[in-house]
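This report describes how some of the chains in the structure below touch each other.

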Amino acid sequence: MNIKPLGDRVVIKRVEAEETTKSGIVLPGSAKEQPQLAEVMAVGPGGVIEGKEVVMEVKVGDKVIFSKYAGTEVKFDGVEYTILKQSDILAVVE
Amino acid sequence: MNIKPLGDRVVIKRVEAEETTKSGIVLPGSAKEQPQLAEVMAVGPGGVIEGKEVVMEVKVGDKVIFSKYAGTEVKFDGVEYTILKQSDILAVVE
Amino acid sequence: MNIKPLGDRVVIKRVEAEETTKSGIVLPGSAKEQPQLAEVMAVGPGGVIEGKEVVMEVKVGDKVIFSKYAGTEVKFDGVEYTILKQSDILAVVE
Amino acid sequence: MNIKPLGDRVVIKRVEAEETTKSGIVLPGSAKEQPQLAEVMAVGPGGVIEGKEVVMEVKVGDKVIFSKYAGTEVKFDGVEYTILKQSDILAVVE
Amino acid sequence: MNIKPLGDRVVIKRVEAEETTKSGIVLPGSAKEQPQLAEVMAVGPGGVIEGKEVVMEVKVGDKVIFSKYAGTEVKFDGVEYTILKQSDILAVVE
Amino acid sequence: MNIKPLGDRVVIKRVEAEETTKSGIVLPGSAKEQPQLAEVMAVGPGGVIEGKEVVMEVKVGDKVIFSKYAGTEVKFDGVEYTILKQSDILAVVE
Amino acid sequence: MNIKPLGDRVVIKRVEAEETTKSGIVLPGSAKEQPQLAEVMAVGPGGVIEGKEVVMEVKVGDKVIFSKYAGTEVKFDGVEYTILKQSDILAVVE
């Protein structure tokens, strides 16, 4: 994939519910702010963002939990991605 | 559990009302911002979060009081957890 | 009491109206943001809170005036407490 | 009076309209944010408040103008006071 | 006049429409945020205000343009003044 | 013109639609936040504004694009000007 | 093009849907905050913006993804551009 996020942004690809079940995680579909499982596809360089040093903690391939309404969705070569700030990623699942 | 929270986030598991009573704490069910008792399951590394140094003060196993609407709920292996920032934890109960 | 507040938080126990009158203070019951008299039960360690040094100025046993809607109420061993930030305490009464 | 305000807070006692007229000041009763004349009764120690150094500029006995909706009213020994931050005091009248 | 503004506040006295015309300035009466011409009557000492150094740039006697809804109006010895922060003054007219 | 803007403020004079067309720029009249072409008439000294160093980048005579709702309009010697902060100027047109 | 953006602003020209398809990117037309593909036409100098150092990471000719509602649209020589802050650019597409 050739989307290079700027600053502290991260490109993620949502892991569908079927996969979610396989990995043992069930994410409720009715919660108001619905958590989401996704895979990290691209990571911005970090650095000084709005005057604050941001070190990127996630890397390509990480499975992460994020909030549904964070970020912006973009479709690329027929696949949907989400571009969001690293601070909108809640946790890495291993 | 293999959820690794990022930054100053903490994964907690709510302690049910029955347990709550056993430990001598009764948390009212009708308060508008309902306090909650929970056990800490995983703690992020802390560090510089949005330009501010955060030292993690809670540890796995701590019983904590937090506000009901803080954080994001996620179900994992059939168990519900909440991921929230340490600053949304009000107190440790011993 | 074994509630240990985090950071710059303080646990207080409201002094009832009857006691209030005895100490010579009358707090109006109809004001929109109703002031409150309380006794300090536990004090967090202070330190660097959201990047700012906070020195705790109140101590256990202090009688304090605080705003009614500040903080979170929690019942413990049948007694109601309020957990709030020290900055929501207006004054110490001596 | 034994109310000791915390931080950059100040305890003031409103000067009634009659007194106001005597001192030559007339404060309109219909303005939306009604200015007020008051006397300073107690002054907090100042210091570092939310990470910012605050030097107290008013002293006990000062006559000050403040905005009506600033601060919290509290009745003490039958007298009404207002506790507000020094930054809500607009001017000292001499 | 003996009103001493605190911090970065300034006391101004509005210049009436008649005077405004004489000095060659016409300020529209229907604009939503109506600009105003005024004379500076008293200037606070400036200094560190909410953690930021403020140098007072206006002086007593300056004619200034300010926004109508900035500041607080106060009547003193029968004359109406406005107390506002220097940052609410847009320009000095010479 | 003898309006001296304070701090990081700039006085601009709108360039009318006719002139706009001549210079090759067409600014849409129906956009919700309508961009505007203007000429810079006076520039404040800049310096430390609310604790932040501001260097003035525009100079008298510059043609600039700004947002319609930024700043305050003032009529002076029969001519309408706008006083706005330099940060509300989007670009210089050459 | 002779529009010189100030500070951390960037002038971009939207790439039409047809072109978007050619480059393999499909941007949904119904999303609430609709992402957009654009080409960078001019880049501000960066520097200290509102007290924070901003290094410009995009350059003229870059294809970028941005949020539809960011920035201000301006028509110049019959062509529509958008002027926005670099922080409103989500990613560079290569």
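## The interface of chains F and G

Chain F and chain G bury about 1,600 Å² between them, and carbon and sulfur atoms give 57% of that area. On the side of chain F, the three residues that supply more than any other three are F:Glu57, F:Leu90 and F:Glu94, with 32% of the area that chain F buries against chain G. The model is a predicted one. The contact is made by 20 residues from chain F and 17 residues from chain G.

## Polar links between F and G

The interface of chain F and chain G holds one salt bridge. In this salt bridge the side chain of F:Glu94 meets that of G:Lys4, at 3.8 Å from N to O. F:Glu94 is also one of the three residues named above for their share of the buried area. Five residue pairs, with both members at pLDDT 80 or more, are in polar contact across the interface of chain F and chain G.

Three strands of chain F, namely β3 (25-26), β7 (63-67) and β10 (89-93), each give at least two residues to the side that touches chain G. β10(F) provides the largest share of that side, five residues. Sorted by class, the side of chain F that touches chain G consists of 12 nonpolar, four polar and four charged residues.

## Strand pairing from F to G

β10(F) also pairs with a strand of the neighbouring chain: three bridges join β10(F) to strand β1 (residues 3-5) of chain G, in the antiparallel sense. Within this pairing, F:Val92 lies opposite G:Lys4 of β1(G). G:Lys4 is also the residue that forms the salt bridge with F:Glu94.

## The interface of chains A and B

Between chain B and chain A, about 1,700 Å² is buried, with 58% of it from carbon and sulfur atoms. Here 20 residues of chain A are in contact with 17 residues of chain B. One salt bridge is counted between chain B and chain A. B:Lys4 and A:Glu94 form a salt bridge, with their closest N and O atoms 3.8 Å apart. The count of residue pairs in polar contact between chain B and chain A, both at pLDDT 80 or more, is five.

On the side of chain B that touches chain A, the elements giving two or more residues are β1 (3-5) and β8 (72-76) of chain B. β8(B) gives the most, with five residues. By class, this side of chain B has seven nonpolar, four polar and six charged residues. β1(B) pairs with strand β10 (residues 89-93) of chain A over three bridges, in the antiparallel sense. A:Ala91 has B:Pro5 as its bridge partner in β1(B).

## Strand β10 of chain B

Is strand β10 (residues 89-93) of chain B mostly covered or mostly open? The strand is mostly covered, as five of its five residues are buried.

Which strands pair with β10(B)? Within chain B, strand β7 (residues 63-67) runs antiparallel to β10(B) and is joined to it by four bridges. One residue of this pairing is B:Lys63, whose bridge partner in β10(B) is B:Val93. In chain C, strand β1 (residues 3-5) runs antiparallel to β10(B) and is joined to it by three bridges. There, B:Ala91 has C:Pro5 of β1(C) as its bridge partner.

Definitions and conventions:
Residues are numbered from 1 along each chain as its sequence is written. Chains are lettered from A and ligands numbered from 1 in the order in which they are written. This is a predicted model: local features need pLDDT of at least 70, side-chain atom pairs count only at pLDDT 80 or more; totals for chains, interfaces and linings use all residues. Side-chain values use heavy atoms; hydrogens and water are left out. Contact means heavy atoms within 4.5 Å. Buried area is the accessible area (1.4 Å probe) that two parts lose on being put together, summed over both. A salt bridge is a side-chain nitrogen of Lys or Arg within 4 Å of a carboxyl oxygen of Asp or Glu. A polar contact is a pair of N or O atoms within 3.5 Å; within protein, one must be able to donate a hydrogen and the other to accept it, and residues adjacent in sequence count only if both atoms are side-chain atoms. Ala, Val, Leu, Ile, Met, Phe, Trp, Tyr, Cys and Pro count as nonpolar, Asp, Glu, Lys and Arg as charged, and the others, Gly among them, as polar. Two strands pair if DSSP finds at least two bridges between them. Buried means under 20% relative accessible area, exposed over 50%, partly exposed in between (1.4 Å probe, protein chains only).
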